[in-house]
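Work through the following exercises on side-chain contacts. Each task is followed by a worked solution.

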Amino acid sequence: MSPTRRDVLKWGAGAGAAAVVTLGLPGTARAAGYYAPDWMGKLPGSTPVTALTIPGTHDSWCTDPNNGTKWAQTQNWGVPEQFERGIRFLDIRLNGLQGAPNEFGLYHGSAYQGHRFQDVLEACRNHFKKYPGETVIMRVKNENSGGQALSDEEFRRRFNYYLDTMGYRSLVWTAPFWPKLGQVRGKVIIAADFANDWGILTWDSNKAFNIQDDWNTTNFTKSATIIKQFDNAWWHQDSSQMFVNFTSYSGGNWPQQNANLTLPDVLRYLDARKTEKVHLGIVPMDFPDFFPDIVRLLVQKNFL
């Protein structure tokens, strides 16, 4: 029996966390956490990508506090390990790179994170070689910050340079509509968060996405906002949009502190409805390594 609207809100508002139980679905529990390197490959190719529940990361390869400060670090897992752990959405923010006139560097604001865009694309390619049934959704943002900020025109030129001159076009999906999973196995679905007239999936588009990214807020408000977006996805299972529910925010604390405040609420919400056969869209997180059961519960939503 499906829960009533009152039940959904009641559970989300703070019902006690039940013991998290392994459901025997894709993914392997190990001493170091949860591993699900090939979970998409176990799903039918006819599955619409918008009908998936997808764990993701925010500022996805910002792993070193020396690249900026502890305020810039949002992850402990690098992108290759994120893939092994079941993450399938990346939040990639790019500026120019000093001494490399055709390349992008990964940034958090104006802080270079020690990786180039090709490092991310190669991590995707390498994972697909091992697990060809997988796909990755990647928000690509023009960070437009600091001394390496790029104009819209220059950003587009470099992006095409990666696709055509550097040979990554066959790796990416750039159609203007959401595909079925079988159409994008072994590919990166690009969600463009930069100015273009290419007719591809566009971040912040009301047609393609329904996004909750209330980043400038407090813990109490953010938790309520996350719950509201989960409920929104729950009540719109037939939507053609991809729901996105960021659990990250700034709120005066550094990212790890904020994750430790909001992610327990996310875990309680998911555990309370772990048997509900619904899809919840993309859930980007900071520091998911501290809450691997959230990743597990999100992945297992796809197999109920």
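**Exercise 1.** Decide whether Asp271 and Lys274 are buried or exposed, and state how far apart their closest N and O atoms are.

Solution. Buried means under 20% relative accessible area, exposed over 50%, and partly exposed in between (1.4 Å probe, protein chains only). Asp271 and Lys274 are both buried. A salt bridge requires a side-chain nitrogen of Lys or Arg within 4 Å of a carboxyl oxygen of Asp or Glu. Asp271 and Lys274 form one, with the closest N and O atoms 3.2 Å apart.

The model is predicted: local features need pLDDT of at least 70, side-chain atom pairs count only at pLDDT 80 or more, and totals for chains, interfaces and linings use all residues. Residues are numbered from 1 along each chain as its sequence is written, and side-chain values use heavy atoms, without hydrogens and water.

**Exercise 2.** Find which salt bridge partners Arg139 has.

Solution. Asp91 is one partner, at 3.3 Å between the closest N and O atoms. Asp193 is another, at 2.8 Å. Arg139 and Asp193 are both buried, and Asp91 is buried too. Shared partners join Asp59, Asp91, Arg93, Arg139 and Asp193 into one network.

**Exercise 3.** Classify the ring pair Phe159 and Phe194.

Solution. Rings of Phe, Tyr and Trp (its six-membered ring) pair if their centres lie within 6.5 Å; planes under 30 degrees apart count as stacked, over 60 as edge-to-face and the rest as tilted. With centres 5.1 Å apart and 45 degrees between the planes, Phe159 and Phe194 are tilted. Both residues are buried.
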